Amino acid sequence: MNSTRTARGPFRNLSVDLPRAIGVYFGDEYQVSDFEVECRSGVSIELLIEQVWQHYDPFIEANALKDLPLRELSNTVASLTDTEFAKRAEEWVQDGIPALVLAVTNPQDLLHEYQLIDGQRRLALAAGLGQEEIATIIAKKI
C-alpha cells in the first residue's frame, strides 16, 4: 500500500451493498429489516464456491492472478471483464476485497441454499489471487 491509502475493513460497504443486493435480487418484496444479518470475516473460498456453484461464473481461474505485478493484474482483469472493474480490483488488492453478500431465503430448511446476491466478481478475483478466505455477509430471511 502506498502512504496515501489506508486499509479499510471488509465490511466497509455493508450499508450500501446489503440494501442494494436485497433490492436487486428480491425487488421491493423485502427490506434489510426482513433479514437477520451475520458478518463473517473469514469464510473459505472453496466452501463458498461449493455452496453457490449454481450462481457463480468463475471467469478468472483460481490462482491465475497470484503474484502478478499490480499493472499486469489490472490488465489481465480488464481483458476478462472491463476497465472499471479492473480499477476496483487494483484498489481491492491494496485495501482488501469487500465482503460478499449471501442470502438464505428458507433458513428453516435443513439443507438451506445460499444465494450469492452480491460479489460474484469479488469471489472470482479472490480465487484468482489465491486467497483462501474472504469476508462474507450472510442475510437470513426472518
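**Strand pairing and helix packing in the predicted model**

Strand E2 is joined to strand E4 (residues 133–141) by 5 bridges, and the two run parallel. Strands are DSSP runs of E with at least two residues, helices are runs of H or I with at least four, and both are numbered from the N terminus; two strands pair if DSSP finds at least two bridges between them. The structure is a predicted model, in which local features need pLDDT of at least 70 and side-chain atom pairs count only at pLDDT 80 or more, while totals for chains, interfaces and linings use all residues. Residues are numbered from 1 along each chain as its sequence is written, and side-chain values use heavy atoms, with hydrogens and water left out.

In general, the strands of a sheet pair through backbone hydrogen bonds, either parallel or antiparallel.

The 4 strands form an open sheet with mixed pairing, in the order E1-E4-E2-E3. Strand E1 (35–44) and E3 stand at the edges with a single partner strand each, so one side of each is left without a neighbour in the sheet. From one strand to the next, the twist averages 30° (axes are lines fitted to C-alpha atoms, for helices over the stretch in contact, and angles run from 0 to 180 degrees between N-to-C directions).

Strand E2 (residues 100–104) is largely enclosed by the rest of the structure, because 5 of its 5 residues are buried. Buried denotes under 20% relative accessible area, exposed over 50%, and partly exposed in between, for a 1.4 Å probe and protein chains only. Leu100, Leu102 and Val104 cover one side of E2, and Val101 and Ala103 the other.

Helix H1 (residues 14–26) lies across E1, E2, E3 and E4 and runs at about 115° to E3. Helix H2 (residues 45–52) packs on the sheet and touches E1, E2, E3 and E4, its direction making about 130° with that of E1; contact means heavy atoms within 4.5 Å.

In helix H3 (residues 70–80), Leu73, Ser74 and Val77 are buried. These residues cover an arc of only 100° around the axis, which puts them on the same side of H3; the arc is that of the directions from the helix axis to the C-beta atoms. The buried residues of H3 pack against helix H4 (83–95) and helix H5 (120–128), whereas Arg71 and Ser79, on the other side of H3, are exposed.
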